[in-house]
Amino acid sequence: MRKKQKSIHSRLMRLLIYLILGLFAITILVPVGWVFMASIKENAEFYGQSPWALPKGIYLQNFVDAFREANMAAYLGNSVLVTALALLFLLVIAIPAAYVLARYRFRCSKALNILYMAGLFVNVNYIVVPIFLMLVDGDSFLKSHGLPPFLLNNLVVLALIYASTHLPFTVYLLSGFFASIPRDYEEAAFVDGSGYVRTMVTIMIPMARPAVITIILFNFLAFWNEYIIAMTLMTKDKFKTLPVGLVNLMSVQKASTNYGQLYAGLVLVMLPTLILYVLVQKRLTQGMSLGGLKG
């Protein structure tokens with residue numbers, strides 16, 4: 001009798017969990033699907049009918065207009081460049097740092113670990129103004145010495161700032177993964193005459209591939225969708241990234257009531273992240289189960 005009651009209770013709990021997960025999925029999928037549907041509607045279809053009405057056809061001119069008239073192509077190129085550079089800078093710095101902090105003990109190693117952990121509690125949005133003032137002072141210093149200013153409105157500098165602000169989280173996740181790998185692999189490599197750098201590159205990093213893919217996805221989402229830092233540091237229109245350009249497009253298209261271009265711009269922002277998530281979904285799950293949460 002008790003076994004039967006436990007079986008009924010477990011089924012009810014499972015049904016409740018599935019119901020909650022289904023509701024969460026609906027709250028995410030319905031808005032995303034509606035944006036995609038609205039992006040292929042003609043502008044006249046937004047008036048005089050239900051907003052949930054299906055489009056009468058596939059009107060791709062919205063995307064063409066968003067690229068040409070709203071300058072979304074330039075914003076897209078800036079976002080691709082900044083995101084790629086930021087990921088490159090981040091991986092080059094974070095992987096060796098995480099490996100050394102996880103596997104070796106030396107003077108000040110504990111202090112470095114504490115500093116990295118403290119960085120997890122710093123909200124980047126609160127230090128945007130100090131970063132901006134530092135760059136302004138840096139450009140003023142360059143001008144006073146007869147050098148051209150290049151710190152503001154510089155996509156490479158923006159990528160460096162992105163990488164530095166996400167370094168604590170990345171090091172935390174990777175160091176937890178490296179700490180969970182048995183030391184037998186390193187010892188075998190040292191016996192074969194492999195040095196520290198070669199052991200890290202040829203053995204440890206390939207073994208940490210799930211965690212590396214996880215941090216690439218998380219940081220890609222953060223860099224691609226970042227708005228406040230890019231809006232503050234990129235004051236010239238030609239250097240703005242896609243989220244900043246999308247906000248400008250929203251303000252313009254609301255005034256001109258051209259909603260098709262607006263939703264096309266939203267699709268341009270969402271589509272790369274959705275594609276990347278679909279491609280690395282299995283690796284992401286594996287990295288989260290074996291990575292920093294375990295360490």
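View 1. Of its 14 lining residues, Val122, Val124, Asn125, Thr165 and His166 are the closest to the centre. Helices α6 (155-165) and α7 (167-180) are the elements that give two or more residues to the lining. A pocket is an open set of points on a 1 Å grid over the protein atoms alone, where a 1.4 Å probe fits, with protein on both sides within 12 Å along at least five of seven lines; lining residues have an atom within 4 Å of a point.

**View 2. Helix α2 (residues 61-68) against helix α13 (residues 259-279).** The two pack at an angle of about 80°, with axes 8 Å apart. Therefore α2 and α13 are roughly perpendicular (65 to 115 degrees). Axes are lines fitted to C-alpha atoms over the stretch in contact, and angles run from 0 to 180 degrees between N-to-C directions. Helices are DSSP runs (H or I, at least four residues), numbered from the N terminus. In contact (heavy atoms within 4.5 Å) are Asn62, Phe63, Asp65, Ala66 and Phe67 of α2 and Gly260, Gln261, Ala264, Val267 and Leu268 of α13.

**View 3. Helix α10 (residues 209-225) against α13.** Their axes lie 11 Å apart at an angle of about 175°. Helices α10 and α13 are therefore roughly antiparallel (over 145 degrees). The contact of α10 with α13 has 9 nonpolar, 2 polar and no charged residues.

**Notes.** Residues are numbered from 1 along each chain as its sequence is written, and side-chain values use heavy atoms, without hydrogens and water. In this predicted model, local features need pLDDT of at least 70 and side-chain atom pairs count only at pLDDT 80 or more, while totals for chains, interfaces and linings use all residues.

Terms used: Angles under 35 degrees count as roughly parallel, over 145 as roughly antiparallel, 65 to 115 as roughly perpendicular and the rest as oblique. Ala, Val, Leu, Ile, Met, Phe, Trp, Tyr, Cys and Pro count as nonpolar, Asp, Glu, Lys and Arg as charged, and the others, Gly among them, as polar.
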